[in-house]
Amino acid sequence: MKPLERIIETAKQAPRRIVLAEGEDPRIVEAAVRARREGIAEITLVGNRDIIERRLAEAGADLQDFRIEDPQASPLASRLVDAYHELRKAKGVDHAAAVEALRSPLVFAAMMVREGAADGTVGGAVATTADTVRAALQTIGKAPGVGLVSSFFLMMLCQPHHAKKGAFVFADCGLVVDPDAAGLADIARMSAGSYQALAGGAAKVAMLSFSTNGSAAHERVSKVVEATRLAHAADPELVIDGELQFDTAFVEAVSASKAPNSALHGEANVFVFPNLDAANIGYKIAQRIGGADAIGPILQGLAKPANDLSRGCSADDAFHMIAVTVVQASQA
């Protein structure tokens, strides 16, 4: 079974309530209709009711199969405003500001998740990553014991030309700009858990660098070495190695030559990049030149799932992100 098929089948086993913040967008409506048809989620669409109902009718959907929440007129609004005010008043948010904030579909959707009216949320098809992540961080917040919220892309290598096939995690490609060693260790451990939840196999984590096992001396190399040590100390069962160059982590023959004692043996499936520059460039090269399918950025470390779409996403991308969010919610 291909990785995406596995995620969809897993979602079908435990459907969850997913709220889509950009419910007026035709791509989101198409994804919502497919998610409902395939039985992976109960869907709430946030936005103008008239527009959403028209989009659903054009898609041939039964309006009774969907919940629609218009922030301007929703019976939930008063409850969510009060909850948001209580949550943010220490930051200087008064009641009037809370009313204004809840007019944002992103904030409205995230507050639905926080208050238990939904199990996860997806946005970003229209809004920027910064706005989408900010709404999640300020409302849903971090999970207990989490040092930082980070992100990853699930990279699918399923084409005939791919020498290796399967699902791979690239982190952090979308959020943390320049993590220190402790932050990088957190990203490694969370990414391993995300891989296991979504791909269903044991994580093998490579901490990437321009150096392999001391082949270069630099403070940036030292950061990766220290992050590897911290991650392994926090979870001695974690299969992890670093610092490693990408080819050493991915190609068995190169691993045998450059790092014969590595625990990964060139079979890494989770790749932790040293900073956002490297990670973002790396995933886009894999996607655009290598032909990998990229799902993300998927957020990790939040108290409840909230995920971000690219503004250039397709309806299929949105559907797959709904499925990922369902699986994350079922693991919570």
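**Notebook: one predicted chain**

Over residues 4–326 I read 45% helix and 18% strand, with the end C-alpha atoms 13 Å apart. Helices (H or I, at least four residues) and strands (E, at least two) are DSSP runs, numbered from the N terminus. The model is predicted, so I kept the limits in view: local features need pLDDT of at least 70 and side-chain atom pairs count only at pLDDT 80 or more, while totals for chains, interfaces and linings use all residues. Residues are numbered from 1 along each chain as its sequence is written, and side-chain values use heavy atoms, with hydrogens and water left out.

**Record**

I looked up the UniProt entry, which is unreviewed; it places "domain: Phosphate acetyl/butaryl transferase" at residues 4–326. UniProt positions are in the numbering used here, feature names are shortened, and annotations may be inferred rather than shown by experiment.

I looked next at the largest pocket, which holds about 740 Å³ of space. Of the 37 residues lining the largest pocket, the closest to its centre are Phe153, Gln287, Ala294, Gly296 and Asp317. Two or more lining residues come from each of helix 1 (3–13), strand 5 (150–157), helix 12, strand 10 and helix 13 (315–331). Helix 12 gives the largest share, 6 residues. I noted that the lining of the largest pocket divides into 16 nonpolar, 12 polar and 9 charged residues. Here Ala, Val, Leu, Ile, Met, Phe, Trp, Tyr, Cys and Pro count as nonpolar, Asp, Glu, Lys and Arg as charged, and the others, Gly among them, as polar.

For the terms: on a 1 Å grid over the protein atoms alone, a pocket is an open set of points with protein on both sides within 12 Å along at least five of seven lines, a cavity is a set where a 1.4 Å probe fits but cannot get out, and lining residues have an atom within 4 Å of a point. Grid points are joined across faces, edges and corners, and a volume is the space filled by probe spheres set on the points.

I then followed Gln287, which lies in helix 12 (residues 276–288). Gln287 is partly exposed, at 21% relative accessible area. The cut-offs are under 20% for buried, over 50% for exposed, and partly exposed in between (1.4 Å probe, protein chains only). Gln287 and Met155 are 132 residues apart in sequence, yet their C-alpha atoms are 8.0 Å apart in space.

**Cavity**

How many cavities of 30 Å³ or more does the whole structure have? My search found 1. About 70 Å³ of space lies in the largest cavity. Its lining includes Ala21, Leu106, Thr121, Thr132, Ala135 and Asn307. Helix 6 (105–114), strand 4 (120–123), helix 7 (129–139) and strand 11 (306–308) each supply at least two of the lining residues. The lining of the largest cavity divides into 7 nonpolar, 4 polar and no charged residues.

I checked Thr121, which is in strand 4 and is buried at 7% relative accessible area. A polar atom of the Thr121 side chain lies 3.0 Å from the backbone oxygen of Val19. Thr139, in helix 7, is buried too, at 2%. The side chain of Thr139 reaches the backbone oxygen of Ala135 at 2.4 Å. A polar contact is a pair of N or O atoms within 3.5 Å; within protein, one must be able to donate a hydrogen and the other to accept it, and residues adjacent in sequence count only if both atoms are side-chain atoms.

**Cysteines**

With a disulfide taken as a pair of cysteine sulfur atoms within 2.5 Å, I counted 0 disulfides. Cys313 is in no disulfide, and its nearest cysteine sulfur, that of Cys173, is 17 Å away. Are these residues buried or exposed? Cys173 counts as buried at 1% relative accessibility, and Cys313 is buried at 6%.

**Backbone**

Most residues other than glycine have a negative phi, and most peptide bonds are trans, so I listed the exceptions below.

- A cis peptide bond joins Ala171 and Asp172, with omega about -15°; Asp172 is in the loop between strand 6 (166–171) and helix 8 (181–199).
- The bond from Gly296 to Pro297 is cis, with omega near 0°; Pro297 is in strand 10 (residues 293–300).
- His265 is a residue other than glycine with a positive phi, near 55°. I placed His265 in the loop between helix 11 (252–258) and strand 9 (270–272), and His265 counts as partly exposed at 46% relative accessibility.
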